[in-house]
Amino acid sequence: MIIKKYKTVFQAELSTFYDELEVESFFYIILNQFHNLKRIDLALQPELSMKSSELERWENVVVDLKLQKPIQYILGETEFYGLRFLVDASVLIPRPETEELVRLIVESRKSKVESLTILDIGTGSGCIAISLAKNVPNASVFALDVSEAALARAKKNAEINEASVTFIGKNILEIDDLEQQFDIIVSNPPYVRMLEKAEIKTNVLDFEPHLALFVQDDDALLFYRKIAQLAKKNLVENGKLYFEINQYLGEETTALLAELGFNNIKLHKDIYECDRMISCSLQTEH
């Protein structure tokens, strides 16, 4: 089968499920993964073909895409902050917004050379911890998660990316002390309220782990409160706390951190101009 001809079939099959640009994006992601070819390769060599066994792989992907299964889960991997991450249904798919959280921390350390310790709480695939381990000089990085399956995936991702990260299996809601001091604590905890389920796309709602996504409407800041309380005990003097947050709860999250005694609280917008990140520091009283 000529690949360029199959592209027309692929687009027709999926046209009622996704918009044209999304289908085209899927096509070139798969082309790269299955054949190590880019858009330009197909343009320059329009007669490129694939074997029947390769066509069967494409058709299996189409079946999964029609079920709204995320392309990252279908292919088993994705890219985050220029690194390759294996993903499956045990972990959330890393988002571009979370890359912005990583970039915020990396940029803040650009001119600094002293060693530091970083803790990523609710690490999932390990995308935050591993990206920081690879991009922040002299950092000792720790990553915590309650899910054994997520930790297994994160450990594999650390291995693939040759990143040194210490993984910890614990439930953050059941911890009273982190047992050591950190210069930076970062977290992208569950923050989607049940009332916001209607806004969530089917491919997220039906396939991604709800444990890592949702909180109850009556206590949407549960994880932020707990992590901030632990940070008060376990951040060094002038240590920094970073969160990815619910875009609708920027003011509430800011107020919570102020109430708990954090300083220099800054709300950061993402590329879509939504309130998405918070940074703050801790200056302990003497």
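**Exercise 1. Find which residues have the most contacts inside the largest nonpolar core, and how many residues that core has.**

Step 1. Settle the term: a nonpolar core is a set of buried Ala, Val, Leu, Ile, Met, Phe, Trp, Tyr and Cys residues joined through side-chain atoms within 4.5 Å. Buried means under 20% relative accessible area, exposed over 50%, and partly exposed in between, with a 1.4 Å probe and protein chains only.

Step 2. The largest nonpolar core has 35 residues. Those with the most contacts inside it are Leu119, Ile172, Leu178, Ile185, Leu241, Leu257 and Phe262.

Step 3. Elements that give two or more residues to this core include strand 3 (116-121), strand 6 (182-187), helix 10 (222-234), strand 9 (235-244) and helix 11 (250-259). Helix 10 gives the most to this core, with six residues. Helices (H or I, at least four residues) and strands (E, at least two) are DSSP runs, numbered from the N terminus.

Step 4. Leaving aside neighbours within four places in sequence, its contacts are Ala228, Ala231, Lys232, Leu235, Leu241, Leu257, Cys280, Ser281 and Leu282. Contact means heavy atoms within 4.5 Å.

Step 5. Apart from this core lies another, of 29 residues, with Leu83, Val102, Cys127 and Ile128 among them. In soluble globular proteins, nonpolar side chains tend to be buried together.

A note on the source: this is a predicted model, in which local features need pLDDT of at least 70 and side-chain atom pairs count only at pLDDT 80 or more, while totals for chains, interfaces and linings use all residues. Residues are numbered from 1 along each chain as its sequence is written, and side-chain values use heavy atoms, with hydrogens and water left out.

**Exercise 2. Describe the protein chain as a whole: how many helices and strands are there?**

Step 1. The protein chain has 11 helices and 11 strands.

Step 2. Its radius of gyration is 21 Å, close to the 19 Å that the globule rule gives for 286 residues, so the chain is as compact as a globular protein of that length. The radius is taken over C-alpha atoms, and the rule is 2.2 Å times the number of residues to the power 0.38.

Step 3. The C-alpha trace spans about 75 × 40 × 35 Å along its principal axes.

Step 4. Of the 286 residues, 48% are buried. Among contacts between residues at least 6 apart in sequence, 65% join residues at least 24 apart.

Step 5. The chain has 31 positive and 45 negative side chains, and the centres of the two sets lie 4 Å apart. Lys and Arg count as positive and Asp and Glu as negative; His and the chain ends are not counted. The place of a charge is taken as NZ of Lys, CZ of Arg, CG of Asp or CD of Glu.

**Exercise 3. Where is histidine 35, and what does it touch?**

Step 1. Histidine 35 is in helix 2 (residues 20-35).

Step 2. Its relative accessibility is 16%, so histidine 35 counts as buried.

Step 3. Not counting residues up to four places away in sequence, histidine 35 touches Ile30, Met50, Glu54 and Trp58.
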